[in-house]
Amino acid sequence: MRIAVVGSGYVGLVAGACFADLGHDVILVDNDAGKLAVLNNGQTPIHEKFLPELLSRHRGHRLNFSDDLQEAVRRSAVIFVAVGTPPTESGEADLSYVESVAREISGGINGYKVVVEKSTVPVYTSEWVRKIILRTGTDPDMFDVASNPEFLREGTAVTDFLFPDRIVIGCDTERSAALLREIYTPLTDGSYYERADAIPQPDRASIPAPIIVTSTKSAELIKHASNAFLAMKISFINAVASVCESVGANANQVVHGIGTDSRIGPKFLNPGIGYGGSCFPKDVMAFRAVARESGYEFRLLDEVMRINEEQRQRFLRKIRSALWTLRGKNLGVLGLAFKGGTDDIRESPAIFLVQALLQEGCKIRAYDPAAMDRAQEVMSSSITFVNSAYEAAHEADALLILTEWEEFANLDLHRLRQELRYPIVIDGRNLYDPEVMAAQGFTYYSVGRATCHPDGVPAAMLKNGLRNGNKA
């Protein structure tokens with residue numbers, strides 16, 4: 001099938017490459033000449049596993065790039081809209097890009113088309129898209145508007161697309177539903193998974209992929225409700241971790257006890273420094289705004305956001321507790337992306353913490369396997385970017401782990417101990433066993449677990465030693 005995907009951001013680029021891998025002919029449309037030049041030159045503008053392989057496989061064949069939206073619409077049966085919906089000051093989704101695309105799409109409709117919302121949008125968006133296209137004089141029988149929300153995790157987006165937990169298509173006509181079912185047939189009949197060149201199957205994949213057909217409004221709500229629920233799980237377990245610290249319980253043990261309940265499950269129950277990224281923060285705010293506009297005060301979401309913000313402040317207090325004073329401290333930082341596996345720093349709690357520490361007068365050496373170029377665009381010149389975790393730790397008063405990269409969970413602890421000025425690790429992602437860290441000579445702070453100190457060395461002596469050393 002001929003498909004147009006509008007927008008070459010995280011969602012649009014991954015969707016376009018994956019649709020091409022399913023055997024469709026895809027035109028990826030963007031009005032950013034710089035992005036198109038990067039893509040046409042064979043580069044991959046975002047860090048995403050398997051995406052470079054798919055772009056290389058299909059670029060110039062099943063996947064082409066264009067800045068002519070109306071021509072792409074004329075040549076396509078289905079148009080997926082994957083442009084940004086950033087939050088406004090009030091927290092509502094800014095739909096101006098969606099509106100602009102809808103107006104332009106109308107000029108290219110030369111036969112029956114299905115316009116599909118792929119961006120995360122409020123529940124009423126499909127109605128507005130249809131009204132906008134109708135206002136241009138387009139025959140109502142020439143198009144339908146549908147919703148096909150994405151459930152992609154950055155870092156595993158390609159795998160999530162091709163091995164989904166479910167495919168949700170929101171359609172108000174059987175004609176549009178039939179076209180969307182056809183697009184996803186290689187996943188729903190299992191034929192894609194039989195190919196020798198298929199992307200490797202992840203653990204516990206649902207094969208063939210289940211498809212759920214709903215109304216457009218239900219599909220729009222499914223996306224916002226899903227992200228809000230996952231954000232709630234993160235905030236809930238961070239609140240539980242705070243209680244664990246207060247009473248002397250081990251958050252990891254509590255998580256295991258909770259997560260083995262089949263009604264709850266272990267995913268998104270990882271205590272840390274809070275959620276971030278391009279989805280959860282804005283989607284929770286947008287869902288709250290939709291609820292308020294509909295006459296319901298969704299106060300639970302207020303608390304989800306409050307806990308998330310407080311978690312960052314709690315971690316800052318943990319750093320102060322470990323180091324006493326912050327001004328003049330040399331800190332190593334591991335991780336700048338909002339999560340492992342991506343170079344995305346949007347709403348990254350790691351970036352927030354680094355900026356707060358810089359304001360406190362700290363000197364920072366930071367390393368991230370993928371996000372340093374993006375971080376350099378937004379960070380002050382007082383931060384030093386280095387090429388390895390060990391360089392970040394060199395002569396540091398403490399090492400902070402802020403992103404859960406697999407690389408950071410497998411460091412040579414003996415070498416790390418030698419690099420640090422003081423053997424203090426403050427882990428915001430709980431990557432290590434506290435007892436192992438203590439046995440290796442570290443004072444180790446984590447989230448929701450008791451602080452561990454080197455075997456046989458009282459905590460008071462370590463704290464006094466650090467103070468005296470810094471005075472010298």
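Leucine 331 stands opposite alanine 398 in strand β12. The model is predicted.

**Strands around β12**

Strand β9 and β12 pair in the parallel sense. On β13, the bridge partner of leucine 400 is isoleucine 426. β12 and β13 also run parallel. The table gives the bridge counts.

| Strand pair | Residues of the partner strand | Sense | Bridges |
|---|---|---|---|
| β12 with β9 | β9: residues 330-334 | parallel | 4 bridges |
| β12 with β13 | β13: residues 424-427 | parallel | 3 bridges |

Which residues of β12 lie on each side, and are they buried or exposed? Ala398 and Leu400 sit on one side of the strand, which spans residues 398-401. Leu399 and Ile401 sit on the other. All four are buried, and both faces of β12 are covered. In a regular strand the side chains alternate between the two faces of the sheet.

**Helices α10 and α13**

Two packed helices are described by the angle between their axes and the distance between the axes. Helix α10 covers residues 216-247, and helix α13 covers residues 299-323. They pack at an angle of about 45 degrees, with axes 9 Å apart. That angle makes α10 oblique to α13. The crossing of α10 past α13 is left-handed.

What does the contact consist of, by class? It has 8 nonpolar, 5 polar and 3 charged residues. From α10, the residues in contact include Ala228, Ala231, Met232 and Ala239, along with Ser235, Asn238, Ser242 and Glu245. They meet α13 residues including Leu300, Leu301, Val304 and Ile307, along with Asn308, Gln311, Arg314 and Lys318.

Definitions and conventions:
Residues are numbered from 1 along each chain as its sequence is written. This is a predicted model: local features need pLDDT of at least 70, side-chain atom pairs count only at pLDDT 80 or more; totals for chains, interfaces and linings use all residues. Side-chain values use heavy atoms; hydrogens and water are left out. Axes are lines fitted to C-alpha atoms, for helices over the stretch in contact, and angles run from 0 to 180 degrees between N-to-C directions. Helices (H or I, at least four residues) and strands (E, at least two) are DSSP runs, numbered from the N terminus. Angles under 35 degrees count as roughly parallel, over 145 as roughly antiparallel, 65 to 115 as roughly perpendicular and the rest as oblique. A crossing is left-handed if the near helix is turned anticlockwise from the far one by less than a right angle, and right-handed if clockwise. Contact means heavy atoms within 4.5 Å. Ala, Val, Leu, Ile, Met, Phe, Trp, Tyr, Cys and Pro count as nonpolar, Asp, Glu, Lys and Arg as charged, and the others, Gly among them, as polar. Buried means under 20% relative accessible area, exposed over 50%, partly exposed in between (1.4 Å probe, protein chains only). Two strands pair if DSSP finds at least two bridges between them.
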